[in-house]
Amino acid sequence: MAEVRAEMVANVWKVVVAQGDQVADGDTLVILESMKMEIPVLAEGSGTVDLKVEEGQVVQEGDLIATVE
Amino acid sequence: MAARIARDTSVLPVFESLLIANRGEIARRVLRSATALGVRTVAVYSEADEALPFVREADEGILLGPAAPAESYLDIAKVLEAAKRSGAEAIHPGYGFLAENAEFAQSVIDAGLGWVGPPPAAITAMGDKINARNLMADAGVPVAAGTSQPVQDVAAAVAAATDIGYPVMVKAAAGGGGIGMGVANDEAELRSAFETARSRAERFFASPSILLERYISGARHVEVQVLGLANGRIVALGERDCSVQRRHQKVAEETPSPGVSEELRKRMLTGAVLAGEAVGYRNAGTVECLVDPIAGDYVFLEMNTRLQVEHPITEMVTGIDIVAEQLRIAAGDEPGVDMTAIRSEGHAIELRVYAEDAKRFLPSPGHITVWEEPKGDHVRVDAGYAAGTTITPYYDPLLAKLCVWGPDREEAISRAREAVKAFRIEGPKTNLSFFTELLDSAEFTSGDYDTAIIERIRS
C-alpha cells in the first residue's frame with residue numbers, strides 16, 4: 001500500500017479521481033492549491049485509490065491525501 | 001473637495017489619511033511613503049494577517065474578514081465600509097487584489113474618495129489584452145502578429161495559428177501573473193494549450209476569452225515605468241529587465257536592461273509614452289514588452305495599470321519615490337521632482353524572496369523563527385514578514401524584495417551576492433539559495449540571457 005501525503009499546507013482544490021478508481025503510477029489524484037499555485041498530487045504506484053480528502057478541505061503538511069492499494 | 005483646492009501643498013500633506021487596500025510587503029511599502037508625507041495610514045487585513053508588521057505599523061487597522069481573499073481583500077463593499085469607518089480620504093490599492101478592478105476604482109471615486117490609480121476607463125481599456133493590442137497597434141506601438149478578436153474554440157485557434165505561424169503563445173485575454181499561458185510549437189500542443197488556457201481563464205479571470213500571439217523565442221521581458229502626471233503629461237522613468245522567470249512569473253529584475261541598446265531604449269520609452277497617451281493614463285503604470293535581442297526590436301505585451309512589484313529598482317536609479325508621486329498625482333499636486341529632467345544613475349537589482357523551495361519552486365508556508373535582513377548602504381529590503389510571524393497558504397508567496405544598487409552592473413551583482421548571504425530566514429523554505437546560483441551563473445553575469453535562463457541554469 002502506498003500512502004500519498006501533502007507536502008505543504010494547502011487547500012484541496014480538485015479531486016480528480018473517484019473513490020475506488022483504478023489508478024496507474026503517475027496519475028493525478030487531486031490538485032492542491034497553495035499560495036496561488038496549483039500542485040497536482042500524483043499516485044506513486046498503481047492500484048485501487050482510497051481518498052482521504054474532499055474538495056475545499058485544508059490539509060496540513062504530512063496529512064494523508066489517499067492510499068493506493 | 002473645496003477644502004482640497006484651498007490647501008497649501010507646502011504645509012499640508014497630499015491627503016489627510018490613506019487606506020491601503022492590500023497586505024504584506026506592498027502595504028508596508030505604501031505605508032512608508034505615506035507616513036513620510038505626513039499622511040495618517042489605515043491598514044485593512046484578514047484574520048490570517050492580524051500579526052503581520054503592516055497591520056501593526058499603520059496608524060489604524062481594520063479587520064475585513066476571513067483569510068479567503070474573496071471574503072476580505074477582494075470584497076469591495078467591506079473595503080469601502082472600512083474607508084468610511086476610518087474616515088480615510090483616499091485609497092491606494094497596491095498591486096494584485098483590487099488594483100486593476102475598474103469597478104472598484106469607480107466605486108472609490110463615486111464614494112468621494114481619492115483614488116490612487118489610473119482612471120477606470122484606462123484600466124478597462126488595458127485590462128482586456130485583445131483590446132489593448134488593437135489600441136496599441138492603432139497608436140503606432142509595435143505589437144506581435146496575433147489575433148485581433150477573441151478566439152472562440154480550438155478550430156478557430158488552429159486556423160489563427162496557421163496564419164500567425166508557429167510557435168504561438170496562448171493567453172487568457174483577461175489574464176495576468178502568467179496563469180493559463182502556454183507556448184505551442186505545433187497543432188497538437190496548441191490543442192492542449194488552448195484547453196488549459198480556457199479552463200484557467202474561466203476559473204481565475206471569470207472570462208473565457210483567449211488570444212494567440214506569435215511567440216518570440218529567445219526574447220527578453222523588458223518593461224517601461226510610466227507616470228501619468230496630474231497635468232496630463234506622460235513621462236517614462238526607464239526600463240526594467242524582468243527576464244528571470246519561473247512558470248512565466250518574475251523572480252529577479254534589473255535596471256538598466258543589459259539587453260537593450262541606447263537606441264532601442266529611446267524607442268521603447270517613446271512607445272510607452274504613446275501607450276499611456278492612447279488611454280489617457282494617469283498615475284503609475286508599466287508597459288510590458290518583449291525584446292528580440294537578435295532583431296534589436298520590441299513589441300508591446302500588455303500594460304499593468306498599477307504600481308508594479310519591482311518598482312524599487314527604478315526608484316534606486318532615478319531617486320524618485322514612485323509611491324509618493326502616485327499620492328501627489330492622485331491629490332492633483334505638482335510632482336515632487338523635476339519630471340523634465342529624469343536621470344538614471346548606476347545599476348539596481350531586485351530579488352524576489354519567495355516562500356518556496358529553491359529546487360522545484362514549490363510553495364512552503366510556515367512559521368518564521370528567524371528573520372534577519374541584510375543591512376548596509378544601497379541595500380533595501382521591502383518585507384512583509386518578521387520573526388514570529390506565520391506565512392499562510394492563502395496568498396502569494398512573496399516574502400520580501402531584496403534590492404541593491406551599485407555604480408555599475410558588476411558592483412550591483414557583487415552587492416547582491418553579499419546581501420543574499422546575509423539574509424537569514426528560518427522556518428519555511430525560501431528560494432534564497434537559488435539567488436546564489438543565479439548570481440554566480442555565467443549566463444546571468446554575462447547579461448546575455450532571456451526568459452528561459454532558469455531552465456538553462458537547471459539543466
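Reply: Glu310(B) counts as buried, with a relative accessibility of 1%. The cut-offs here: buried is under 20% relative accessible area, exposed is over 50%, and partly exposed is in between, using a 1.4 Å probe and protein chains only. Before going on, bear in mind that this is a predicted model: local features need pLDDT of at least 70, side-chain atom pairs count only at pLDDT 80 or more, and totals for chains, interfaces and linings use all residues. As for bookkeeping, residues are numbered from 1 along each chain as its sequence is written, chains are lettered from A and ligands numbered from 1 in the order in which they are written, and side-chain values use heavy atoms, with hydrogens and water left out.

Back to the glutamate. The side chain of Glu310(B) meets that of Lys250(B) in a salt bridge, 2.9 Å from N to O. That term means a side-chain nitrogen of Lys or Arg within 4 Å of a carboxyl oxygen of Asp or Glu. Lys250(B) sits in strand 11 (residues 249-255) of chain B and Glu310(B) in the loop between strand 13 (297-304) and helix 11 (311-318), so the pair ties together parts that are 60 residues apart in sequence. Helices (H or I, at least four residues) and strands (E, at least two) are DSSP runs, numbered from the N terminus. The lysine is buried too, at 11% relative accessible area.

This pair belongs to a wider set. A network of salt bridges links Glu310(B) and Lys250(B) with Glu223(B), Arg240(B), Glu253(B), Glu288(B), Glu350(B) and Arg352(B). Over all chains, the rule comes to 47 salt bridges.

Here are two others in chain B to set beside it. Glu411(B) and Arg415(B) pair with their closest N and O atoms 3.7 Å apart. Both residues lie in helix 13 (residues 409-422), four residues apart, about one turn of the helix. Glu411(B) is partly exposed at 31% relative accessible area, and Arg415(B) is partly exposed at 24%.

Then there's Asp450(B), which forms a salt bridge with Arg456(B), the closest N and O atoms being 3.0 Å apart.

Contact here means heavy atoms within 4.5 Å. Ala219(B) is in the loop between strand 8 (210-214) and strand 9 (220-228) of chain B, and with 2% relative accessibility it counts as buried.

Now zoom out to the domains. Chain B is assigned domain 1 (2-116), domain 2 (145-214) and domain 3 (220-458), with bounds from an automatic or database domain assignment. The centres of domain 2 and domain 3, taken over C-alpha atoms, are 27 Å apart. Six residues of domain 2 are in contact with four residues of domain 3. Those two domains bury about 420 Å² between them, 45% of it on carbon and sulfur atoms; buried area is the accessible area (1.4 Å probe) that two parts lose on being put together, summed over both. On the domain 2 side, Lys171(B), Gly177(B) and Met181(B) lose the most area, together 51% of what that side buries. Between these two domains the salt-bridge count is zero.

The interface of chain A and chain B, by contrast, has four salt bridges. One of them pairs Arg203(B) with Glu38(A), at 2.9 Å from N to O. Here eleven residues of chain A are in contact with 17 residues of chain B. The area buried between the chains is about 1300 Å², of which carbon and sulfur atoms give 62%. In chain A, Met35(A), Lys36(A) and Met37(A) lose the most area to chain B, together 48% of what that side buries.
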